[in-house]
Amino acid sequence: MLVLSWNLYHGRSVPPSGRNLYREFAEKLAGWQWDVALLQEVPPWWPHALGADCRAEAHLALTSRNLFLPLRRFIAERRPDVIKSNGGGSNAILLRGLYGTDPRVAVLRTVPERRVVHGVRTSEGWIANLHAQVHSEKRAQSDTAAAAAHVLGWAGDAPVILGGDFNTRAPRAPGLTDLGGYRVDRVLGRGWVAAGPARTLDHGRLSDHPPVVVDLNREGSKA
């Protein structure tokens, strides 16, 4: 299974482009090979559109700064580099060739920002997404451990994938193994092994994070 994790930087580029970049992000995501895409810092009105453009099933969870969202969206679509993260936020799970059921969301913190873990049950086990708190190793590790506990509780004995932006290069998640990643963008799991080293994809100027892909095999399989 190919798992991609990418922080979309609220749909912005480096250096700033000064315009709506939805089409460029959608074209990149649609053109890459993946079975699961775990996305963070996604404008909340993007996930279902991205799902349609990528021929994928989309699930989203709202994160922070979503009060008065219609007004935030109005500004973000016209001046994304002015409003920045105040345009509103969500995390998204996109599935290709898989179907997600029993969606779950757990709030990990509300201060200093709302952080959540969300996941879905699939035929391959549970798949979950996290964007941990930034600028604090202690809070990032706390969010990681809490997210892992929630997902393992949802999953029972089923295999688990928990990926995303952990805001730490060495996430500690009891019950899960770090299967690879690049800097703070990582994929953890139970019941899975990495088929090779993680790799990053060419994303041009889009986002301040590179997309990371990890190829996974079920533990004990010959593939």
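Predicted model: local features only at pLDDT ≥ 70, side-chain atom pairs only at ≥ 80, totals over all residues.
Colleague: What makes the chain as compact as a globular protein of its length?

Modeller: The chain has five helices and 13 strands. Its radius of gyration is 16 Å, close to the 17 Å that the globule rule gives for 223 residues, so the chain is as compact as a globular protein of that length. Along its principal axes the C-alpha trace spans about 50 × 35 × 30 Å.

Colleague: How many of the 223 residues count as buried, and on what cut-off?

Modeller: The share is 57%, where buried means under 20% relative accessible area.

Colleague: Why is a set of residues called a nonpolar core?

Modeller: The name applies because its members are buried residues of listed types, such as Leu and Trp, joined through side-chain atoms within 4.5 Å. The largest such core here has 27 residues, and L4, W6, L29, W34, L39 and L50 touch the most other members. Helix 1 gives the most to this core, with four residues. L50 touches, among others, Y22, A26 and L29, leaving aside residues up to four places away in sequence. A second core of 20 residues, including A147 and L188, is separate.

Colleague: How do you know that strand 9 and strand 10 pair?

Modeller: Pairing needs at least two bridges, and five join strand 9 (residues 177-182) to strand 10 (residues 185-190). These two strands run antiparallel, with T177 opposite G189.

Colleague: What lies between strand 9 and strand 10 in the hairpin?

Modeller: Two residues lie between them, and R183 in the turn has a positive phi of about 55 degrees.

Conventions
Residues numbered from 1 in each chain as written. Heavy atoms only, no water. Buried < 20%, exposed > 50% of the residue type's maximum accessible area, 1.4 Å probe, protein only. Contact = heavy atoms within 4.5 Å. Rg over C-alpha atoms; globule rule 2.2 N^0.38 Å.
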